[in-house]
Amino acid sequence: MITVTETIEKIERLDKKRAKEHVGKEILRSSITLKVFRANRAVGEAARYDTFEVPVQRSTTVLDALLWAKQNTDHSIGIRYSCRMASCGSCGMKINGIPRLACYTKMSELEGSTITCEPLANFPHLRDLVTDFSQFFAHHKDMKPYIQNSDADLDASQITKLSEYLQMPEDVDRFLQFSYCIKCGLCYSACPTVAMDIKFPGPQALGQAYRYFADSRDTAPKERLDLVDEKHGIFRCHFAGSCSTVCPKGVDPALGIQLLRGHLLGFSKNEKKVAELKDRSKA
Amino acid sequence: MEVYDRNNREGLKGWLNPGRYGWERVSYWLQRLTGVGLLVYFVGHVYETSSLTQGFDAWNAMLELTQTPLGHMILLLVIGMSTFHSANGIRLIFTHGGKGLGKPGRPDYPYDPVSLNYRQKSGIWVALILAAVAMLYGASVLFGGE
Amino acid sequence: MLRESQIMKIHYMTGIAALFVVAVHILMRLVMPFNLSLEFDNVILNYHNLPYAVLLESILVLIAIHGFNGLRVILLEMRQSRGWENFVTVVTIVAMMGVIAYGTRTIIVANGLSLG
């Protein structure tokens with residue numbers, strides 16, 4: 001069991017290590033040129049890039065800079081954002097060609113005097129930096145992203161039974177990191193297969209397929225494997241790893257996909273430990 | 001099945017710029033390129049060796065066409081491609097089976113992905129180095145003379 | 001029809017098997033000086049050697065399956081209409097069989113050829 005002190009010490013060690021690596025790499029500027037992709041698909045507006053001179057400080061993020069430009073220069077910049085702390089996944093965009101969260105990317109970590117902001121690739125474009133996520137969510141939904149358990153008591157009148165599925169920490173660790181997905185779409189944007197194949201579910205959906213496959217409360221592993229065993233399914237992933245490279249939450253969808261494929265190919269055993277349903281009222 | 005919109009998909013351009021995302025993306029790109037290259041060579045090779053069935057003169061005419069400096073350069077490229085494709089392919093068979101990637105756990109700052117570990121990166125480098133060594137040896141045989 | 005997992009298992013197995021047989025094929029070019037190994041008589045002698053002829057046939061089959069399946073995967077990712085997918089499946093299978101047939105013809109005819 002890792003203690004709070006150990007975690008804090010680890011973070012301090014990592015901060016010192018990163019500080020050493022980043023000395024000279026942290027680029028401090030007083031202002032930056034922000035180049036923003038502008039187009040309104042609904043009215044057939046032609047695409048163009050607008051530039052804005054934005055003052056920056058050491059902690060200024062790309063989102064801060066965009067909102068400054070929106071507030072002070074051009075109110076019509078279309079942008080999605082919400083939590084400003086890499087928790088909601090709304091502000092995903094291509095920053096200098098790489099899919100990143102605007103709120104999580106500091107100006108000081110970007111090279112060059114011009115920062116280019118473009119909408120996420122592989123998503124239908126709506127306006128400026130805003131894209132349509134309905135295909136992405138549809139692929140996710142196709143994976144049946146919920147616990148499937150025929151033994152689960154769904155009858156409300158049975159609620160007095162106080163039953164729960166027991167999971168040990170090791171059982172949770174098998175799927176926990178994949179449950180941290182915030183559906184920001186950065187992995188979908190980075191994936192080379194998604195760039196061409198419209199039927200490929202994408203790293204987010206396949207990662208979630210593994211999340212539920214590995215969960216000991218789920219009793220439909222075979223059905224989940226059959227779902228991805230298709231011409232445009234899991235085998236169209238070639239472990240380019242770009243999804244895990246860009247993921248801001250450490251979900252590592254590439255890991256989930258390869259582990260799921262290992263089960264499909266027979267590299268890993270398919271006997272699954274199923275969580276026991278405990279009736280707590282009879283403790 | 002809904003008809004999905006191709007709008008804003010990167011398309012082939014998404015394949016052609018492998019340098020953005022690290023070594024694993026480069027190895028994906030090289031694996032594809034070498035695979036297609038080797039397939040083209042394979043078909044050509046089956047065709048060129050069929051000149052054997054037309055007798056001594058046809059075979060020698062084929063050799064005159066292929067045993068040239070350009071032919072040897074192409075063969076060197078094929079040697080490099082096949083070595084990289086094989087070595088990287090073996091790495092990929094293991095990773096596609098979920099081996100050599102580490103275990104899922106509790107992500108912690110700085111959220112480095114466990115699957116893109118030193119084993120994968122060094123596997124890619126080993127494949128590249130083996131390809132280079134094979135090409136060097138091939139060059140010594142093809143251009144070095146008996 | 002085969003499931004995708006079955007097709008890909010074949011793809012991986014043909015890849016691994018091809019590695020060994022192709023390595024032997026390349027090494028045969030090094031048992032004597034390279035240019036000498038390509039002379040008509042020496043090549044015909046190879047084809048007269050039955051185990052080597054079987055090796056060549058196995059290379060043909062394994063590489064054709066592995067290569068054309070790889071091409072099928074690449075082409076399937078490029079476009080996703082039903083017509084295109086059927087076209088790709090048919091063309092790659094036909095091409096696979098065509099190359100195997102053509103190469104087998106070479107092996108059989110060369111096996112029957114006398115030395116120059």
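Just after helix α3 of chain A, A:Lys144 takes a positive phi of about 55°; helices (H or I, at least four residues) and strands (E, at least two) are DSSP runs, numbered from the N terminus. The model is predicted: local features need pLDDT of at least 70 and side-chain atom pairs count only at pLDDT 80 or more, whereas totals for chains, interfaces and linings use all residues. Residues are numbered from 1 along each chain as its sequence is written, and chains are lettered from A and ligands numbered from 1 in the order in which they are written.

Helix α3 of chain A spans residues 134-142, and A:Gln135, A:Phe136, A:His139 and A:His140 are buried in it. A residue is termed buried if 20 or more other C-beta atoms lie within 10 Å of its own, exposed if 12 or fewer, and partly exposed in between, with C-beta atoms placed from the backbone. Viewed down the axis of α3(A), the buried residues fall within an arc of 140°, so they line one face of the helix; the arc is that of the directions from the helix axis to the C-beta atoms. The face turned away from this buried side carries the exposed residues A:Ser134 and A:Lys141. The cover over the buried residues of α3(A) includes α6 (186-190) and α7 (203-214) of chain A.

Chain A as a whole comprises 10 helices and 9 strands, and 40% of its 283 residues count as buried. Five of the strands form an open sheet of mixed pairing, in the order β2-β1-β5-β3-β4; two strands pair if DSSP finds at least two bridges between them. β2 (48-55) and β4 (98-101) stand at the edges with a single partner strand each, so one side of each is left without a neighbour in the sheet. Strand β1 (residues 31-38) runs antiparallel to β2(A) and is joined to it by 8 bridges. A:Lys35 stands opposite A:Thr51 in β2(A).

A:Gln167 lies in the loop between β8 (163-165) and α4 (169-173) of chain A. This residue counts as partly exposed because it has 17 C-beta neighbours inside 10 Å.

Chain A also meets chain B: 35 residues of chain B are in contact with 43 residues of chain A, contact requiring C-beta atoms, placed from the backbone, to lie within 7 Å. On chain B, α1 (12-16), α2 (23-49) and α4 (69-96) each supply at least two residues of the side that touches chain A.

Technical notes:
Two residues are in contact if their C-beta atoms, placed from the backbone, lie within 7 Å.
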